[in-house]
Amino acid sequence: MASFERFDDMCDLRLKPKILRNLLSEYVPNEKQPLVDFQSLAKVVSTIATHKLLSESPSSSADQKKLQAKPAVDDWVERLLALVSSDMPDKCWVGVVLIGVTCRECSSDRFFSSYSVWFNCLLSHIKNPESSRIVLVASCTSVSDLLTRLSRFTNTKKEAVSHASKVVLPIIKLLEEDSSEALWESIVHLLSTIVILFPAAFHNSYDKVEAIIASKIFSAKTSSNMLKKFAHFLALLPKANKGDAGSWSLMMQKLLIAINVHLNNFFQGLEDETVGKKAIQRLAPPGKDSPLPLGGQDGALDDASWNSEQLIVSRVSALMFCSSTMLTSSYKSKLNVPVASLLSLVERVLAVNGSLPRSMSPFMTGIQQELVCAELPTLHSSALELLRATIKCIRSQLLPYAASVVRVVSSYFKKCSLPELRIKLYSITKTLLKSMGVGMAMQLANEAVSNASVDLEGFDAVSSKTPSLTNAAVLKGGSKKRKHASNSGAEAENSAVEVGVPHNHLLKIAALEALETLLTIGGALGSNGWRERVDKLLMTTVTNACEGRWANAETYHHLPNKSSTDLVEFKLAALHAFLASLVSPSPVRPAFLAEGLELFQRGKCQAEMKVAEFCAHALMSLEVVIHPRALPLDGLPSLSSQFPGSNSLASQKHSALGLNKMDRIAGDGSVLSNLWLANVDVPANSEIQRSIDTTLPLPEAKRLKVGNDLVGSENVQQGDAPMEVPESTKESLGHVSDRDYDVVPKEVVSETQEGEGLAGKDSLMEEAAVGKKHESLGESDDDSIPSLKADDYLSSASDIES
């Protein structure tokens with residue numbers, strides 16, 4: 001009985017050739033076997049990628065002896081080459097597809113030694129006019145995989161460019177002759193790969209490629225999906241010309257001219273004819289040669305195509321998408337973006353809303369106006385995308401044109417009512433705020449707040465009238481007992497009120513995101529204007545979105561999955577904006593901080609993971625806003641921190657008494673205010689005087705100082721004769737004798753009278769005050785008698801005279 005070969009585990013190197021040979025025998029046909037199942041090819045590709053069957057990892061000498069003499073990868077490659085040369089289209093297709101997989105998965109040594117053979121086999125099918133369409137599609141995809149792998153080798157750059165240039169003309173010929181969109185898509189993918197990796201391969205065929213792509217965009221047979229793919233490749237094409245800023249500017253100029261030419265025809269009867277002429281003149285300034293039309297064409301099509309408003313709008317939208325892609329794609333050279341021309345084009349499109357000028361009314365029929373109005377939203381959407389791409393391209397350099405952009409956005413907000421277009425406007429507002437910061441926030445704040453209020457308050461008004469789920473259940477249960485109730489309850493129960501996802505939730509999410517960005521960037525600017533209104537609006541919105549619906553996932557089990565997802569997205573957007581309202585800079589504490597803390601605390605415990613995760617994050621973010629009501633006991637300031645120079649026994653005794661007093665108060669469990677009162681030290685007159693000197697102007701400080709001296713003189717001179725106090729008592733109470741006047745030199749006093757030398761006076765008086773305080777603590781522990789200091793007797797000549 002033959003013994004079975006045992007493997008260590010699934011990562012055993014001896015297992016790879018076994019699996020690969022099993023795939024060859026079961027799923028990959030040979031010359032004599034028919035193809036069993038097309039779907040089995042997906043399992044072959046997945047198994048090769050999972051186990052790295054073509055990697056040919058080096059094995060130890062012990063394992064090498066156990067392997068068969070002929071590697072399994074050689075059998076794999078031989079089988080594929082045989083399939084590629086087969087006359088049967090299905091087997092040839094399998095071989096071509098697996099050649100592309102082999103280019104991605106095989107080892108570097110095998111690819112470097114075999115890529116030229118594989119490339120010639122694939123190129124032969126592309127050049128062969130009798131090749132089936134499925135083989136052509138697979139060949140283009142496999143060549144793209146081969147060139148992508150070849151670009152990783154630095155020592156084969158010239159040879160790689162040579163191979164890529166051999167493919168360009170044959171696939172352009174296929175693109176011109178064949179009408180299959182599947183083949184067009186694979187060809188555009190291959191051309192895009194060549195442009196990105198080997199742009200030099202287009203040097204000899206650039207004009208022809210541009211002409212073919214432009215003809216497909218202007219063709220009436222091209223679908224909207226393929227129009228977008230052709231436009232995306234056309235945006236990459238300037239990298240294949242010279243790769244400099246001039247090539248980019250030339251392509252952008254051609255695109256803008258083609259767009260305005262189409263708009264001249266589309267807007268006939270809807271705008272003044274001089275608008276289109278001025279737009280073309282701006283793009284072709286006098287003294288310079290006008291560039292050749294895009295693709296060598298002037299945009300002129302057959303009459304049937306020109307009469308179709310839908311085809312014109314689809315072409316214009318494709319050209320605008322191409323321009324937007326050029327603006328947002330990376331480029332190795334510094335670009336000269338024609339901002340003025342782009343903004344004038346956007347403003348021209350958005351200015352046309354379908355209404356007929358009085359002078360143009362006789363020149364357009366009602367049917368023509370109906371067709372134009374049906375296509376205008378698509379055109380406006382493309383114009384808004386172009387505006388956003390322009391802002392993203394130049395960012396803060398938009399400052400010279402900021403006023404024009406604000407005017408365009410503000411005016412279109414007032415006349416735009418379609419939710420899809422308003423969503424794009426909010427997105428543009430966010431991009432403007434992020435690009436230009438606080439300055440743009442000052443200009444767009446009122447516009448954004450007023451429009452967001454309109455879009456959000458509609459939902460808030462409905463939700464405020466809608467009872468919560470718990471209240472609705474109570475009303476429903478109570479209706480059984482009250483059979484003779486009024487009809488109002490039945491009408492409320494049968495009223496068509498939709499609970500759950502608000503209408504046009506995407507528009508409301510966009511409005512919330514715009515408000516969040518505004519609060520983050522310019523929240524402090526609206527403290528006296530729109531800030532209070534926004535905070536209240538967001539509080540109402542987030543309450544209506546979440547109140548009574550926390551953790552009620554089973555309530556929405558009967559709804560489609562999309563409705564539940566939409567509800568979660570709306571909740572998250574409301575919570576994000578509300579958190580921005582709480583943490584945004586403001587001169588006062590947030591008005592709804594307590595409500596927000598309660599809301600996030602409840603949300604953190606909910607079943608919806610996304611909502612709970614964000615609420616937990618929000619609570620951490622609010623830690624910087626929340627201030628403690630009382631400081632911890634071990635953090636209270638002690639006497640040694642107030643008087644760092646004191647190391648005497650008396651100061652230590654005073655500190656110990658203070659701590660004992662604090663412990664008694666904490667043990668009694670009294671109010672927090674007692675804790676603060678226990679640590680209150682009555683400030684000395686010198687400390688008050690110094691604070692007055694540093695915070696008030698000099699005349700005001702002198703006036704207050706004179707008043708304090710007068711009050712002190714009244715308190716001392718209560719009797720007719722001065723009371724005699726023993727000298728020891730004077731010293732213990734901190735009274736100063738005549739020798740204390742010598743502490744401060746006369747020069748300092750004179751400088752103080754003139755308003756100068758305040759710093760010197762403060763430093764000297766601090767030393768005198770600290771010394772007297774130490775003496776007082778050494779004699780008595782009574783805190784009720786404040787120690788008098790030199791500042792109590794020091795005054796200017798004018799004060800003494802008064």
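This is a predicted model: local features need pLDDT of at least 70, side-chain atom pairs count only at pLDDT 80 or more; totals for chains, interfaces and linings use all residues.

Around Trp-76, leaving aside residues up to four places away in sequence, the residues touched are Leu-20, Leu-24, Val-28, Val-44, Ile-48, Leu-54, Leu-98 and Thr-102.

Helix 26 also holds Ser-581, and this serine counts as buried because its relative accessibility is 4%, where the cut-off for buried is under 20%. Apart from residues up to four places away in sequence, Ser-581 touches Leu-519, Arg-531, Asp-535 and Leu-538. Helix 25 itself runs over residues 531-546 and, with 16 residues, reaches 23 Å from its first C-alpha to its last, which is close to the 22 Å expected at 1.5 Å a residue.

A pair of helices can be followed next. Helix 8 (residues 157-177) packs against helix 9 (residues 181-197) at an angle of about 150°, and their axes are 10 Å apart. Because of that angle, helix 8 is roughly antiparallel to helix 9, and the crossing of helix 8 past helix 9 is left-handed. On the helix 8 side the residues that meet helix 9 include Ala-164, Val-167, Val-168, Ile-171 and Leu-175, while helix 9 contributes Trp-184, Ile-187, Leu-190, Leu-191 and Ile-194.

Both helix 8 and helix 9 are included in what covers the buried residues of helix 10, as are helix 11 (224-236), helix 12 (238-241), helix 13 and helix 16. Those buried residues of helix 10 include Tyr-206, Val-209, Ile-213 and Phe-218, and also Glu-210 and Lys-216. Helix 10, residues 206-218, has 13 residues and reaches 18 Å from its first C-alpha to its last, close to the 18 Å expected.

Helix 17, residues 339-351, likewise has 13 residues and reaches 18 Å from first to last C-alpha, close to the 18 Å expected. Its buried residues include Leu-342, Leu-343, Val-346 and Leu-350, together with Ser-341 and Arg-348. The buried residues of helix 17 pack against helix 13 (245-266), helix 14 (273-283), helix 16 (309-328), helix 18 (366-394) and helix 19 (402-415).

Terms used
Residues are numbered from 1 along each chain as its sequence is written. Side-chain values use heavy atoms; hydrogens and water are left out. Helices (H or I, at least four residues) and strands (E, at least two) are DSSP runs, numbered from the N terminus. The expected span of a helix is 1.5 Å times one less than its number of residues. Contact means heavy atoms within 4.5 Å. Axes are lines fitted to C-alpha atoms, for helices over the stretch in contact, and angles run from 0 to 180 degrees between N-to-C directions. Angles under 35 degrees count as roughly parallel, over 145 as roughly antiparallel, 65 to 115 as roughly perpendicular and the rest as oblique. A crossing is left-handed if the near helix is turned anticlockwise from the far one by less than a right angle, and right-handed if clockwise. Buried means under 20% relative accessible area, exposed over 50%, partly exposed in between (1.4 Å probe, protein chains only).
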